[in-house]
Amino acid sequence: MKYLRQLKIRNRIGIILLLGLFLFSTLVFKVSKTISQNVIYNYLYDYISLSQKEMIAGIELLIDQVNMFAVRMLVNQDIYSLFNNRLLSFQEKKEKLMHILDEFLIYKNAIGGIVIVTADGELYSYSSNGTTIQKPDDVYIKQLESSQTPVWGPILKDIEGNAYILLGRKYRNFYTGQKLGYLILYIRETALLDIYADIVGKW
């Protein structure tokens, strides 16, 4: 303060103005930074929330398609008649089943394979693209046996390296309750990746 008093009034006014300008600029910078951070935070929060909702909606739609197909399988009388036909050999049943599923499977982008394990222990495997897929192990089959609801299984791959997530349940006649065995659907990993890629592509 003693130094300022020794200066001319014009110089003192200039220094005070400079200090005031500096303090004002600092205040404006801090306020702008705070506002910008809040705006960016709110924008990112809203965008991430929207993306999560879109991803959840996409996954729910996928699961609805899978469950809808499973229900259609449970009420399909042609399949029950086929497996109850004692005059047909295993190979004959398999060929007829493949033909039924070729026409029946409409969600090929979501379901890549189907395995039916009958109560007699016979295993029928179907792949929508004709590749060989890994079979479910006995541990998973026992899980299906002890559960009254669908059971998510491990991730298995086909000979080309494509991954599938298993979703299995008891296979019972929808009308009579007769136990046919177990129905296991192979959900394509790419179906989930497509949902993710579709959302990320909008970023």
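Me: Which backbone nitrogen does a side-chain oxygen of Asn76 reach at the start of α3?

Reply: The model is a predicted one. A side-chain oxygen of Asn76 comes to within 2.9 Å of the backbone nitrogen of Asp78, at the start of α3.

Me: Which residues of helix α3 are buried?

Reply: Start with the general idea. An α-helix has 3.6 residues a turn, so residues three or four places apart point the same way. In helix α3, which covers residues 77-84, the buried residues are Ile79, Tyr80, Leu82 and Phe83. Seen down the axis of α3, these buried residues fall within an arc of 160°, so they line one face of the helix.

Me: How many salt bridges does the structure hold?

Reply: To read a salt bridge, look for a side-chain nitrogen of Lys or Arg within 4 Å of a carboxyl oxygen of Asp or Glu. The structure holds two. One joins the side chains of Asp120 and Arg86, at 3.7 Å from N to O. Asp120 lies in the loop between β1 (111-118) and β2 (123-127), and Arg86 in the loop between α3 and α4 (90-104), so the pair ties together parts that are 34 residues apart in sequence.

Me: Are Asp120 and Arg86 buried or exposed?

Reply: Both Asp120 and Arg86 are exposed.

Me: What does Lys179 form a salt bridge with?

Reply: The partner of Lys179 is Glu145, and their closest N and O atoms are 2.9 Å apart. Lys179 belongs to strand β5 (residues 179-188) and Glu145 to helix α5 (residues 138-146), so this pair ties together parts that are 34 residues apart in sequence. Lys179 is partly exposed, with a relative accessible area of 31%. Glu145 also counts as partly exposed, at 36% relative accessibility.

Me: Which residues line the second largest pocket?

Reply: For a pocket, read the volume and then the lining. The second largest pocket has a volume of about 150 Å³. Its lining includes Phe83, Arg86, Asp120 and Lys179. α3 and β5 each supply at least two residues of this lining. By type, the lining residues divide into three nonpolar, three polar and five charged.

Me: How many helices and strands does the chain have?

Reply: The chain has six helices and five strands. Along the sequence they follow the pattern α-α-α-α-β-β-α-β-β-β-α.

Me: What percentage of the residues in the chain is buried?

Reply: Of the 203 residues in the chain, 34% are buried. For this count, buried means under 20% relative accessible area.

Technical notes:
Residues are numbered from 1 along each chain as its sequence is written. This is a predicted model: local features need pLDDT of at least 70, side-chain atom pairs count only at pLDDT 80 or more; totals for chains, interfaces and linings use all residues. Side-chain values use heavy atoms; hydrogens and water are left out. Buried means under 20% relative accessible area, exposed over 50%, partly exposed in between (1.4 Å probe, protein chains only). Helices (H or I, at least four residues) and strands (E, at least two) are DSSP runs, numbered from the N terminus. The arc is that of the directions from the helix axis to the C-beta atoms. A polar contact is a pair of N or O atoms within 3.5 Å; within protein, one must be able to donate a hydrogen and the other to accept it, and residues adjacent in sequence count only if both atoms are side-chain atoms. On a 1 Å grid over the protein atoms alone, a cavity is a set of points where a 1.4 Å probe fits but cannot get out, and a pocket is an open set with protein on both sides within 12 Å along at least five of seven lines; lining residues have an atom within 4 Å of a point. Grid points are joined across faces, edges and corners, and a volume is the space filled by probe spheres set on the points. Ala, Val, Leu, Ile, Met, Phe, Trp, Tyr, Cys and Pro count as nonpolar, Asp, Glu, Lys and Arg as charged, and the others, Gly among them, as polar.
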